[in-house]
Every structure is written in structure tokens, then in C-alpha cells.
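Visitor: Could you walk me through this model, one question at a time? I would like to look at it while we talk.

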Amino acid sequence: MTDTPIELPWKARTARRTPLDPPEIFATLRSERPLRPMTFADGHQGWLATGYDVVRTILADRRFSIRREVAHQPVTMPNAAAQAMFTAPPPPGMFVRMDPPEHTRYRKLLVGEFTVRRMRQLETRITEVTRNCLDAMEQAGPPVDVVQALALPLPALLICELLGIPEPQLPACRQAMQTALDTQSTPGQIQQAYTTLLGIFPPLIASKRENPTGDVFSGLVNNGDLTDEELNSIGLLLFAAGSETTASMLGFGAFVLLQHSDQLQALLRDSALIDNTIEELLRYLAGPSGMLRTAMEDVEIGGELIRHGQTVELLVGAANHDPARFERPSEFDITRPAQGHLSFGHGIHQCLGQQLARVELRIAFPALFERFPGLRLAVPAHEIPMKDDSAFFGVKRLPVEW
């Protein structure tokens, strides 16, 4: 076993046999050494984790920090603005980039707002919004881009309602968020996008303070424990997490199901398969970037010694395709018990909004394919463009006809 650190540039991370396959190098790296030394973009000698057990163990280990200001970047950032955003300390309220006890304080304020019970109470509204999107899709007639018609508007509208953001502001918010997350955006575009997004919340906070309603943001504004700056960051974070992640999964999932027509038909015949289908789609997605953790002391994991200060990149997409955890992992199989995947993370930083995402996916996929039983791609599968240049992997467009 060699200790020579590897490099993993972006081009290697995005090399796929087909749009749906995980990057080709994932399986090779995982089989050779699931935790191995890696040279980061800035020359840092860190680690790359590709095995399921290793990734899950590190995510649960509190000796590793999530803070970006102590981490190193695995790949070259596209511009100075993106690099500055990566290394800057988090603003107050940006708890997903904080360790305990700061992280614990913020998460406790939010965890009660995203319970399974509360998310299921939204099912009627999610069904209504989904139906409205599909009505517009049917009225427009084929070909239609599923990303623009359903994947983007459904979760964005719902998170706006949860936060109390006025619906007329939604198009500008969505466009600004996509610009901010696109690794090809210029520094000026990124700055303008954040100016737009951060401009939403000060008037919203004042409105909720004067006239509180039943939405999530009103509860946060009026509990008295958060400053306006903290509320601004939390609002921005919830909007990003509640819209872009689910949108990517909706577009990607529709693409996968269209490429596995036998399993799609099985799902439509047996609605009891929907929960398994959602978990398998979440497992099957394999984006090119990973999560970062930095050791705050020397830690031995899987027989390897990670030194204090070394950053580990955790390739969740590779871990979710580990044959040691999932049988025949390269195959999409809705009968597989895929629970236990790491797509929502693990440990104290596991995604707060995962139940909302699951409810949206559980309602949207059957509704889409039941409304359009003859749904099919309007272009060959290899022409579907993938979001390899975004923070959230998926499809850029998904043109369909019926």
C-alpha cells in the first residue's frame, strides 16, 4: 500500500460512462484504499474517504470539525470570490458551518419546526402545488422541461411559504440562488446574487415581528433569542437547503425513473414501493464533491492516523455505492432496503429538512408519472446536461414529451 498522496481534480470527479453512472474513479479509489492520503488544491496533505464505514464513522466523530476556516479546499475554486466565501468564518446564524456548542444552540431552535409530524401536515398543500405545476405543464404541451416546470418551482414555493417570503419575490430568489451556487459565476454575479438574497430578510423580519403568522420564520423571529443578523443567515440557509437540494433530487430522480421503465411501472402498480424508491434514489445520486471535516486532534480511523489539522474530504457518493454496504450498488433497484445511505449526512449535522424533502418527493414522483403515463425523454439520454458545475449535483434540464 503506497502512502503517496493522490490528487483528484474536478475533471476526474466528473468522468462518467453514462450520465447516471457514478464518477468512474470512485470505485477504483474505494477498492484500493477507502481512506487514503490526498494532496489538496492548496498543497495541503489531507485525506480522501470513499468507503461507507469510514465516511459514516468520521461524520459521527466529534473530534472532527465542520468549520470551513480550519479546512482546506480539495479542488481549485473557480474565482477569488468563491475562495473568499469558502475560507471566511461563518456569519452569526450560519450554524451548518459551526461546531458545538454554537451549532447545538441554533439547531435546538429549529429541530422542532421540521419534525416528521409537521412535515406530513403539509401533504395537502404539497399535493396542491404539485397539481398546479402539472396543470401548467399539461397546458403548455410537450416538449416541457421538468426542471423548470416542476423540480424548481415546487420546493422553492413551499420553502417560501414556510418562511413567509411573499410569492412575487420567488422568481428573483430562485435565480439569485442558482447564480450563487454555480461554480462558473463571476465574482460580480455572486456578489449581486447575495445582495439580492440578503435583501429579502430585513423587511421580512420586521413584518413578522409586527404581525406574526404561523410560519416557521415567525416562530424564530418572535422567540426573542436571535438577533436580526442571525435571523438573516438562518433564513438564507433554510431557503437554499429547502429549495435547491430537493429541486436537484426531483430532476435527477425523474431522469433515473425514465431510464428504468420496468421499475417505474412496478412503482405505479404498487404505491407501497414509494418509500423504498425515494431512499434508493437518494442513495443512487453520486455527485462529484464531498463533505469536509478537519481533525482537531490526532485520530486513528480504519487503521490510518489522521493528524491534528488535517482535512478529510468525505465522498458521500462513493460511500453510497460501496459494495461492502449495499449489494450490487451500481444498479438502481427500488426493492433494495436503501435506508442508511449518507445523502443527508450523519451525526449531529444530519440534514434538518430531510423529512420535508422526503414528503415532497413522495408526492411529486407518483403525481408526475400518473398524470403523464406516456412520459418519455424528448432527447437521447446522453444529451441530458448534468450539473457538474454546481454545488448540488443533478440535471440542468430534462426535456420530456408524452
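Visitor: Which helix gives the most to the lining of the largest cavity?

Guide: Happy to start there; this is a predicted model, in which local features need pLDDT of at least 70 and side-chain atom pairs count only at pLDDT 80 or more, while totals for chains, interfaces and linings use all residues. Residues are numbered from 1 along each chain as its sequence is written, and side-chain values use heavy atoms, with hydrogens and water left out. Helices (H or I, at least four residues) and strands (E, at least two) are DSSP runs numbered from the N terminus. With four residues in the lining of the largest cavity, the top contributor is α18.

Visitor: Which residues line the largest cavity?

Guide: A cavity here is a set of points on a 1 Å grid over the protein atoms alone where a 1.4 Å probe fits but cannot get out, and lining residues have an atom within 4 Å of a point. Both α6 (116–121) and α18 (354–371) supply at least two residues each. The lining is made of V116, M119, R120, Q355, R358, V359 and R362.

Visitor: How much space lies in the largest cavity?

Guide: Grid points are joined across faces, edges and corners, and the volume is the space filled by probe spheres set on the points. The count comes to one cavity of 30 Å³ or more. The space in the largest cavity is about 30 Å³.

Visitor: In what order do the strands of the five-stranded open sheet come?

Guide: Two strands pair if DSSP finds at least two bridges between them. The edge strands are β1 and β3 (64–65), each pairing on one side only. The pairing in this sheet is mixed, and the order is β1-β2-β8-β5-β3.

Visitor: Do β1 and β2 pair in the parallel or the antiparallel sense?

Guide: Two of the facing residues are R36 and L48, the latter in β2, and P37 has W47 as its bridge partner. The hairpin has five residues between the strands, where G43 takes a positive phi near 90 degrees. Over five bridges, the sense of the pairing is antiparallel.

Visitor: What is the bridge partner of L48 in β8?

Guide: β2 also pairs with β8 (residues 311–314), in the parallel sense over three bridges. In β8, the bridge partner of L48 is E313.

Visitor: Why is β2 largely enclosed by the rest of the structure?

Guide: Buried means under 20% relative accessible area, exposed over 50%, and partly exposed in between (1.4 Å probe, protein chains only). In β1, five of its five residues are buried, with L35, P37 and T39 on one side and R36 and M38 on the other. As for β2, it is largely enclosed because the number of its five residues that are buried is four.

Visitor: Which residues of α2 are buried?

Guide: What covers the buried residues of α2 includes β1 (35–39), β2 (45–49) and α17 (316–319). In helix α2 (residues 24–32), the buried residues are F26, L29 and R30.

Visitor: How many of the residues of α14 are buried?

Guide: Helix α14 (residues 228–258) reaches 45 Å from its first C-alpha to its last, close to the 45 Å expected at 1.5 Å a residue; the expected span is 1.5 Å times one less than the number of residues. The helix is mostly covered, and of its 31 residues the number buried is 27.

Visitor: Is H349 buried or exposed?

Guide: H349 sits in the loop between α17 and α18. Not counting residues up to four places away in sequence, H349 touches (contact means heavy atoms within 4.5 Å) I66, F95, V96, M98, D99, H103, R107, R293 and F344. With a relative accessible area of 18%, H349 is buried.

Visitor: Which residues is R307 in contact with, leaving aside its neighbours within four places in sequence?

Guide: R307 lies in the loop between β7 (304–306) and β8. At 45% relative accessibility, R307 counts as partly exposed. Its contacts are A295, E297 and D298.

How values were computed: On a 1 Å grid over the protein atoms alone, a cavity is a set of points where a 1.4 Å probe fits but cannot get out, and a pocket is an open set with protein on both sides within 12 Å along at least five of seven lines; lining residues have an atom within 4 Å of a point.
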